Amino acid sequence: MKRFGIFLMVAVLILGLAGISAAEPTLEKIKNTGVFTVGSRSGSPPFGYINKQNEWVGFSIDLARLVHKNIEKKLGQSVKFELKESTPATRIPLLSSMAVDLIAGTMTDTRARRESVDFSLTFFVTGAQFMVKKGSPIRGVKDIAGKRIGAQQGSTNEREVRARYPQATLVVFPDQPAAFTAMAQGKVDAYTNDGIQLWGLKMKASNPDDWEIVGEWYTYEPYGFAMRKNDSDFRQVVNVALMEAIEGGEYFKLYDKWFGLKGEVPYPLSPEAKRFLEMQVIPK
Amino acid sequence: MLLSGFFGIPYEFRWNVLWEAPHYTWIIDGLWMTLRISAISWIFAVLLGIIFGALRTVPFRPLRALATAYVEFFRNVPLLVWLFFWYFGAPEVLPEPIRQWFIHHGMEFWSAVAGISVYHGARMSEVIRAGIQSIPKTQLEAGLSSGLSVSQTYRLIVIPIALRLIVPPVTNESLNLLKNSSLAMTIGVGELTFATRQIETYTAKAFEAFTAGTLIYLALCLSIAYIMNRVERKFAIPGLIARAERAEH
Amino acid sequence: MNFDFGIIISNAKFVLLQGLLGIGIFAGGTLRLAIPAILGGFCLGVILGLARLARRPWIHYPAAVYIEFIRGIPLVMVIFWFWFLVPVFLRRPVPEYWVALTAFVCFEGAYIGEIVRAGIQSVARGQVDAATATGLGYLQMMWSVILPQAIRNMIPSLVTQFIVLFKDTSLASIIGMMDLTKAAQTVTARELRPFEMYIFIAVVYWIFTYSMSRFSQWLEIRMSPEKAAS
């Protein structure tokens with residue numbers, strides 16, 4: 001009887017939530033609540049991480065603040081900017097449950113993901129690589145058969161390795177710090193993630209020279225901001241903010257701050273990438 | 001339904017993600033892993049529990065102190081912290097060849113087993129100690145004075161009573177162990193909670209994925225509790241006041 | 001291997017202020033979560049415990065179902081559910097702290113409900129009869145006669161439950177709430193010295209829980225010296 005009651009309760013919950021009607025558009029929600037919530041990473045330098053002064057900073061966070069300014073301009077009222085942690089495994093639920101309005105981290109724009117969320121313009125381009133201890137025999141994706149490869153749960157890299165390279169032993173961790181520590185301790189032979197994030201980790205480590213980033217990009221990872229689907233007004237605001245930043249130079253100043261030669265993680269902008277970014281800016 | 005008008009969420013239910021390949025294989029693998037971790041850890045935990053629980057009742061002071069130290073040290077720190085310690089901290093002090101062997105033979109699994117066994121061993125020992133100490137002395141005395149030898153008294157009277165006394169709290173602790181196996185996902189073990197998370201990250205259907213995991217845990221815990229309840233009632237000694245709290249339905 | 005105390009000392013302020021007490025830029029804190037959670041859990045627990053003892057089936061069945069449901073699934077699952085559902089129900093973003101607090105109150109409420117039930121049932125039957133004979137109604141009887149005695153009986157179990165809750169708050173780190181465990185993880189990710197950091201927070205947790213369990217033993221002796229056998 002009691003067990004039946006439990007299943008009944010679960011069934012009621014399920015049916016109750018089964019009623020779906022149109023969601024509140026994001027701009028209206030921001031207007032009503034006065035808060036713009038952004039989900040970002042807290043362990044992925046230099047996109048979103050906790051620095052030595054224990055502040056939460058990053059390239060994606062700075063770009064999100066530009067979006068925030070544009071939202072305030074559009075709504076004509078001041079809006080609070082709030083940051084929430086999101087990881088590859090949690091970011092889509094956080095969006096769909098309205099816990100955040102925008103994911104500004106290291107999310108790769110993919111066709112499959114566009115079934116669940118909408119993406120802004122591409123704001124960064126990279127590809128998946130491997131991080132290994134200096135001198136490791138692994139030099140690229142062809143060397144990983146039979147080796148232990150660490151990855152983050154929910155990332156595109158995990159999916160790629162699982163689908164295309166089943167001869168490698170995949171060890172999946174809930175977040176980047178755990179995976180990196182495991183690699184540092186030799187529990188996995190390599191840690192795979194997008195190249196730029198691996199560079200960020202390497203530069204922030206206490207001994208950057210102990211680590212190497214190896215391999216050609218075995219995937220193409222264009223980063224975009226993610227938001228709820230069917231919300232074109234909000235998407236316009238986000239995209240226009242990015243376009244204005246690229247057009248007006250603000251974007252490149254931020255890029256230099258984080259990825260320039262004196263930046264947190266030197267990662268020069270290739271001419272093709274620069275051209276690609278500039279060509280995303282459509283005429284007024 | 002009545003409630004449906006209230007919620008406006010952009011969420012499409014797609015229950016078939018649960019039986020699409022390879023999702024359901026992940027659930028099965030995850031469930032199997034949960035059972036494996038729980039079973040192996042349970043055996044170690046009960047062994048540790050018996051050893052240290054008994055040690056806490058012996059008249060020899062240093063052994064008692066040792067056992068008390070074990071219990072108080074391990075059970076006062078959260079299991080999650082222990083798992084991180086056993087996976088990231090402890091292996092670093094192992095000699096290199098042993099460490100390498102573990103790395104290639106499922107260190108994640110064995111760190112999880114170590115953490116869970118030692119922690120729950122400490123909790124089990126408390127339960128077993130309480131059980132041993134609550135056996136009425138009079139039973140032992142009565143047995144001896146009826147002419148039974150010490151070992152006979154223990155075998156025929158004390159131990160059967162002890163077993164019946166400790167079954168409910170041990171069952172409770174064992175279920176806690178099963179539920180705590182879910183923490184192993186934080187150090188890379190692919191058990192059931194990990195598997196539901198995995199489905200959710202691949203399909204974005206969190207509700208369906210979590211429901212599957214929840215129902216499986218419920219089924220496991222409720223059936224074990226029900227079976228142990230029947231066992232307990234079948235073997236109960238009439239007139240023996242045993243339990244602290246009972247859920248009767 | 002060398003034990004690096006320096007790492008502990010330079011990061012202790014962050015870990016303790018932010019992780020333990022919740023003072024700083026992150027809304028979190030182990031104590032800031034544990035204390036409201038036990039208070040809220042207690043209120044919910046009293047309601048559930050009383051409901052479970054009610055005679056009318058439409059009161060005691062939902063309570064029983066709720067309690068058995070919560071007790072049958074891992075706390076991690078409960079936290080994930082609330083993490084997913086709370087913002088949906090409120091239709092607005094919710095900081096991890098509030099998600100964790102809600103999850104813990106609902107979780108602890110079920111366990112405390114059982115403690116309350118046991119506590120009430122342990123009050124001698126004679127009290128109920130005497131109260132009824134004196135003409136007190138059910139609620140009056142509960143409030144003035146039974147509950148005060150029941151609560152006295154429950155206090156040791158409640159303190160134990162608080163100790164358990166204090167340790168369970170470490171799970172809030174899984175959804176990103178900045179508690180003691182998450183603070184240690186954050187520092188480890190930067191400094192890569194897990195051994196030192198996790199020993200450090202193990203000691204901090206230990207200090208708190210061990211003191212609380214000694215307090216509980218002292219309470220038990222003080223409240224019923226005749227029952228406190230060795």
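This is a short walk through a predicted model, chain by chain and then across one interface.

Let me start with chain A. Chain A has ten helices and 13 strands. As for extent, the C-alpha atoms of chain A fill a box of roughly 65 × 55 × 35 Å along the principal axes.

Now the sheets of chain A. Take the five-stranded one. This sheet is open, with strand order 10-9-11-8-12 in chain A. The pairing in it is mixed. Which strands sit at the edges? They are strand 10, residues 169-173, and strand 12, residues 211-214, both of chain A. Each of these pairs on one side only. On average, neighbouring strands in this sheet are turned by 30° against each other, with direction ignored.

Look inside the sheet for a moment. Strand 9 of chain A covers residues 148-152, and strand 11 of chain A covers residues 190-194. The two pair in the parallel sense, over two bridges. If you want a pair to click on, take Ile149(A): its bridge partner in strand 11 of chain A is Ala190(A).

Helix 6 of chain A, residues 176-184, touches strand 8 (128-133), strand 9, strand 10 and strand 11 of chain A. The direction of helix 6 makes about 160° with that of strand 9 of chain A. Then there is helix 7 of chain A, residues 195-204. Helix 7 touches strand 8, strand 11 and strand 12 of chain A. Its direction makes about 30° with that of strand 8 of chain A.

Next, the three-stranded sheet of chain A. This one is open too, in the order 2-3-4, and its pairing is antiparallel. At the edges are strand 2 (43-44) and strand 4 (56-57) of chain A, each pairing on one side only. Strand 2 of chain A is joined by two bridges to strand 3 of chain A, residues 48-50, and those two run antiparallel. Within that pairing, Gly43(A) stands opposite Tyr49(A) of strand 3 of chain A.

On to chain B. From the N terminus on, its elements read α-α-α-α-α-α-α-α-α. The radius of gyration of chain B is 23 Å, whereas a compact globule of 249 residues would have one near 18 Å. The C-alpha trace of chain B spans about 75 × 55 × 30 Å along its principal axes.

A word on the description: two packed helices are described by the angle between their axes and the distance between the axes.

Pair one is helix 1 (residues 23-55) and helix 8 (residues 192-203) of chain B. Their axes come within 7 Å and cross at roughly 160°. Angles over 145 degrees count as roughly antiparallel, and helix 1 and helix 8 of chain B are therefore roughly antiparallel to each other. Their crossing is right-handed. From helix 1 of chain B, the contact residues include Trp26(B), Ile27(B) and Leu31(B). From helix 8 of chain B, they include Leu192(B), Phe194(B) and Ile199(B). By class, this contact has seven nonpolar, four polar and one charged residues.

Pair two is helix 2 (residues 61-75) and helix 5 (residues 107-133) of chain B. Here the axes come within 8 Å and cross at roughly 125°. How do these two helices lie relative to each other? Helix 2 and helix 5 of chain B are oblique to each other. The crossing is left-handed. Helix 2 of chain B brings Tyr70(B), Val71(B), Phe74(B) and Arg75(B). Among the residues from helix 5 of chain B are Val118(B), Tyr119(B), Arg123(B) and Glu126(B).

Last item: chain C against chain B. The contact takes 28 residues from chain C and 31 residues from chain B. On the chain C side, helix 3 (57-71), helix 4 (75-90), helix 5 (96-121) and helix 9 (194-223) each supply at least two residues. Which helix of chain C gives the most? Helix 9 of chain C does, with nine residues. The side of chain C that touches chain B divides into 22 nonpolar, four polar and two charged residues.

That is the tour.

Methods
Residues numbered from 1 in each chain as written. Chains lettered and ligands numbered in written order. Predicted model: local features only at pLDDT ≥ 70, side-chain atom pairs only at ≥ 80, totals over all residues. Pairing = 2+ DSSP bridges. Helix = DSSP H or I, 4+ residues; strand = E, 2+ residues; numbered from the N terminus. Axes fitted to C-alpha atoms, helices over the stretch in contact; angles between N-to-C directions. Parallel < 35°, antiparallel > 145°, perpendicular 65-115°, else oblique. Left-handed = near helix turned anticlockwise from the far one by under 90°. Contact = placed C-beta atoms within 7 Å. Nonpolar A, V, L, I, M, F, W, Y, C, P; charged D, E, K, R; others polar. Rg over C-alpha atoms; globule rule 2.2 N^0.38 Å.
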